[in-house]
Amino acid sequence: MRARVVIGSRGSALALWQARHVQGLLSSLGLESEIRVVKTKGDKILDVPLAKIGGKGLFTKELEILLLKGEIDLAVHSLKDVPVDLQEGLVLACVSARANPQDCFLSYQYPNLQALPPHARVGTTSLRRAMQLKALRIDLDPLSLRGNVQRRLDRLRQGEFEAVVLACAGVERLGIQLPYQTPLSLEEMIPSMGQGALGIEMCANHPLLAQISSLNDPLSALCCGLERDFVRALGGGCQVPLGVHARLQGDQIEIRAIVGLLDGKTFIKECVVGARDQAQALVQNLVSCFKQQGAQEILAQAQLS
């Protein structure tokens, strides 16, 4: 066993913030650590929309290879990027306490989505966001916006877009301040599974697994786990126009989800509420509801477009 735990991380400012946050958590367990920066496929190919190079492990595969080789002890991911089915021999050791899971509207000129001019260009990396933007305003022009957060904001400042949509968690973690930045409500835009949470991935036989698993946040793990169960059962993934969000309100679980086509005209959007101890049944009911309305056919069509 190494004297120091080696953390694998992507190299963007946001990824490094996340890795350093996990370093602090490890320190609370009495574990010293260092960060090893790894470039993933999603980081290397920046001139193609994510959906065109998508598939399982777009931002995780290279880190998972190093885990299996024993070159790093753990990998820190934005949980929304982690495929619902992990490689054999790997486990999700823990899920962090969730930050703000919502999406955020950012602009230098316009205070909110409704104030954008007709046919405004809105930058986003996500089919999920693009689909919901069109559902909210059919005239908007969602355009692919790749690269790290700073690169995206630079392009916004240079006038390539009237606005961009990013995850609130990333905006808050990096301390970004623009003239206009407004969280989009859950009614306006349903987040990606796991958005706002971090996932620590490890080998199933790692000697520190039990110790590091103690960092798991039970509430975050519950809600994010339900979201991942929904995506798995529906046959979706990270790079499809699908949003799902679970939250605990008192002793009730609320799960809302959306699946649609990029034209913003064809979509299924539902919300279920029930007792916390019936959470798995709620997920299954929601999955059945979506399947009965043709969600799998919509996803298949979206992936071909």
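## Stop 1: R129

R129 is buried, with a relative accessible area of 4%. The value, like every other on this tour, is computed from a predicted model. Select helix α5 (residues 127–136) to see where R129 sits. Then show side chains and pick D103: a polar contact of 2.7 Å joins the side chain of D103 to that of R129.

Which residues does R129 touch, not counting those up to four places away in sequence? D103 is one of them, and the others are T124, V165, L166, A167, M189 and Q195. Select this set together with R129 to see the surroundings of the side chain.

## Stop 2: R152

Move to helix α6 (residues 149–157), which holds R152. Is R152 buried or exposed? Its relative accessibility is 16%, so R152 counts as buried, the cut-off for that class being under 20%.

For the contacts, select T125, L145, R146, G147 and L166; R152 touches each of these, with residues up to four places away in sequence not counted. Keep L166 highlighted for a moment: L166 is in the list for R152 and also in the list for R129.

## Stop 3: the aromatic pair

Next, look for aromatic rings that pair up. How many aromatic pairs does the structure hold? There is one. Select F230 and F290: the ring centres are 5.4 Å apart and the planes lie at 85 degrees, so the pair is edge-to-face. The pair links distant parts of the chain, with F230 in helix α9 (residues 218–234) and F290 in helix α10 (residues 279–292), 60 residues apart.

F230 counts as buried, at 1% relative accessibility. F290 also counts as buried, at 0%.

Now select the contacts of F230. Leaving aside neighbours within four places in sequence, F230 is in contact with L242, V244, A257, V283, L286, V287 and F290.

## Stop 4: the cavity

A search of the whole structure finds one cavity of 30 Å³ or more. About 40 Å³ of space lies in the largest cavity. To find the site, select V22, L25, C94, V95, S96, L198, I200 and L215, which line the largest cavity. The elements giving two or more residues to this lining are α1 (13–28), β4 and β10 (198–203).

What classes of residue make up the lining? Colour by residue class: seven are nonpolar, one is polar and none is charged.

## Stop 5: Q87

Go to the loop between β3 (74–78) and β4 (90–95), where Q87 is found. Q87 is partly exposed, with a relative accessible area of 32%. Apart from residues up to four places away in sequence, Q87 touches K61, E64 and L68.

## Stop 6: H119

Select the loop between β5 (103–107) and β6 (121–124) and centre on H119. What is the phi of H119? The angle is positive, about 65 degrees, although H119 is not a glycine. Most residues other than glycine have a negative phi. With the surface on, H119 is exposed, its relative accessible area being 58%.

## Stop 7: E172

Finish at helix α7 (residues 168–173), where E172 lies. Is E172 buried, exposed or partly exposed? Its relative accessible area is 47%, so E172 is partly exposed; the exposed class takes values over 50%.

Definitions and conventions:
Residues numbered from 1 in each chain as written. Predicted model: local features only at pLDDT ≥ 70, side-chain atom pairs only at ≥ 80, totals over all residues. Heavy atoms only, no water. Helix = DSSP H or I, 4+ residues; strand = E, 2+ residues; numbered from the N terminus. Buried < 20%, exposed > 50% of the residue type's maximum accessible area, 1.4 Å probe, protein only. Contact = heavy atoms within 4.5 Å. Phe/Tyr/Trp six-rings, centres within 6.5 Å; stacked < 30°, edge-to-face > 60°. 1 Å grid on protein atoms, 1.4 Å probe; cavity = no way out; pocket = protein on both sides within 12 Å on 5 of 7 lines; lining within 4 Å. Points joined across faces, edges and corners; volume = space filled by probe spheres on them. Nonpolar A, V, L, I, M, F, W, Y, C, P; charged D, E, K, R; others polar. Polar contact = N/O pair within 3.5 Å; in protein donor to acceptor, adjacent residues only side chain to side chain.
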